[in-house]
Amino acid sequence: MNNQYISVSPTENIKVKTENGPSLKKKRYVRKEGSCNVTFRHIPEEWLLFVTDIFTTLVEIKWRMMFLIFALSYILSWLFFGILFWVIAIAHGDVRDHHNDPCVYEVRSFTAAFLFSLETQTTIGYGFRGMSENCMIAIILVTIQDVISCFIDTFVIGIAVAKMASARKRAQTVGFSNCAVISLRDGYLCLSWRVGDFRRYHLVEGTASAQIVHFTVHTTGKIDVTYEDLVIQQKDIVLVTPTTVLHRIEPGSPLYKMTLEDLRKADFELVVSFTYTDDTTGILHQTRTSYTPDEILWGHLFQEMIRANRSHYRVDYNLFNHTAKVHVPMVSAEEFEQKKQLRLSAQKSPRSTAKAMPRSESHGNRLKTPAVQVEVVYDVPETTESTCQAGRKCPDTLSPPDGPAEAAEE
């Protein structure tokens, strides 16, 4: 019986011999932080797609690229309108003749025109330069620049706020355990992993899901990606405290026929996700991670994190990734269920045999009547024993050897 159980440590190296020798380590499909390890090439009209949805494009780019784009948008707009004001000053003669009435006061060079454009768009207004009533084209140009500056400011602020409130940032505060474990729960082999919210203000509601991703590489170089859904026992979770998500390995599960050795040789990736709504912003988020077969520990159980005090419950996140060894059968869930059924049937077999005996007698398979020993006790100390066997006719009365019956016969 002891040979059926094993306990595996995450630091132990389990060597499994394969027919083709050691296999190369494949890249992850989903990284541990949740991003997909996929790159796209030769997308038709890629730049057109990005420009059409410019808001989403700017939200998804990196911060340094966003700062560069926004800085260039301001600088280029100042430069563009500065050139237009300089051209107006040249056409009106403000650059050649400093004594005529200018279109824009104190704008008689390109540098002055650029500074006037900057002061107008940023509403600084130092007081040295200003509009006059001599040129209607300059008045129209200032109006257009003011409207465009409002659009740029609104766009910049909206992108910055959307990027700071991105779902990715909130997803970083909801984490999964570094490993998944296989252990016994209520008499069943179960695959489980842990999810927790690290913020004080928790989530409204959440749904856990899991898929096993298989990659099949053909000789032609074609790669097939297949997905198998795992049934979660309690998929709707209110994540106030860290919760262990449970998948029972039963018929229909992709892991039902998999032993410990099969798990170490398997080539798949367990992708788990948690979709939830933040109670602060009301935004829908999703956190993802993945586990390779090497990160699924057979014979481990997550340690308890919650302790009760007099006034509140205390959660120790130092134990979030800690596991403890437990005895778990090395056989597959299918073999474990079969052995369990055999044990249950063996325990019930004596009762069923006892109940089946009267039925056998009714069908003619009767057992021999056991011998009955009768002891007769008289007032005198002498006693006699008689045995009545099956098939013989026993007398109705029993007499002592030297009794009145013998005298009567004589």
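Me: How many helices and strands are there in the protein?
Reply: There are nine helices and 20 strands in the protein, and please keep in mind that this is a predicted model.

Me: And what share of the residues is buried?
Reply: Of the 410 residues in the protein, 30% are buried. The accessible surface comes to about 28200 Å², and carbon and sulfur atoms account for 57% of that surface.

Me: What about contacts, how many join residues at least 24 apart?
Reply: If you take the contacts between residues at least 6 apart in sequence, 64% of them join residues at least 24 apart.

Me: Let's go to helix α3. What span should its 30 residues have?
Reply: Helix α3 covers residues 63-92, and at 1.5 Å a residue it should span 44 Å, which agrees with the 44 Å between its end C-alpha atoms.

Me: Which of its residues are buried in α3?
Reply: The buried ones are Met66, Phe70, Ser77, Trp78, Phe81, Gly82, Phe85, Ile88 and Ala89.

Me: Changing topic, which cysteines does a disulfide join?
Reply: The structure holds one disulfide, and it joins Cys103 to Cys135, with an S to S distance of 1.6 Å. Cys103 lies in the loop between α3 and β2, while Cys135 lies in the loop between β3 (130-131) and α5, so the pair ties together parts that are 32 residues apart in sequence.

Me: Is that disulfide left-handed or right-handed?
Reply: The torsion about the S-S bond of Cys103 and Cys135 is about -45°, so the disulfide is left-handed.

Me: Are Cys103 and Cys135 buried or exposed?
Reply: Both Cys103 and Cys135 are buried. Cys190 also counts as buried, because its relative accessibility is 0%, whereas Cys36 is partly exposed, with a relative accessible area of 41%.

Me: Now the strands. How many residues of β11 are buried?
Reply: Strand β11 (residues 268-278) is mostly covered, since nine of its eleven residues are buried.

Me: In which sense do β11 and β12 pair?
Reply: Strand β11 and strand β12 (residues 284-291) pair in the antiparallel sense, over eight bridges.

Methods
Residues numbered from 1 in each chain as written. Predicted model: local features only at pLDDT ≥ 70, side-chain atom pairs only at ≥ 80, totals over all residues. Heavy atoms only, no water. Buried < 20%, exposed > 50% of the residue type's maximum accessible area, 1.4 Å probe, protein only. Helix = DSSP H or I, 4+ residues; strand = E, 2+ residues; numbered from the N terminus. Pairing = 2+ DSSP bridges. Expected span 1.5 Å × (residues − 1). Disulfide = S-S within 2.5 Å. Contact = heavy atoms within 4.5 Å. Areas by Shrake-Rupley, 256 points an atom, 1.4 Å probe, with all protein chains shown as cover.
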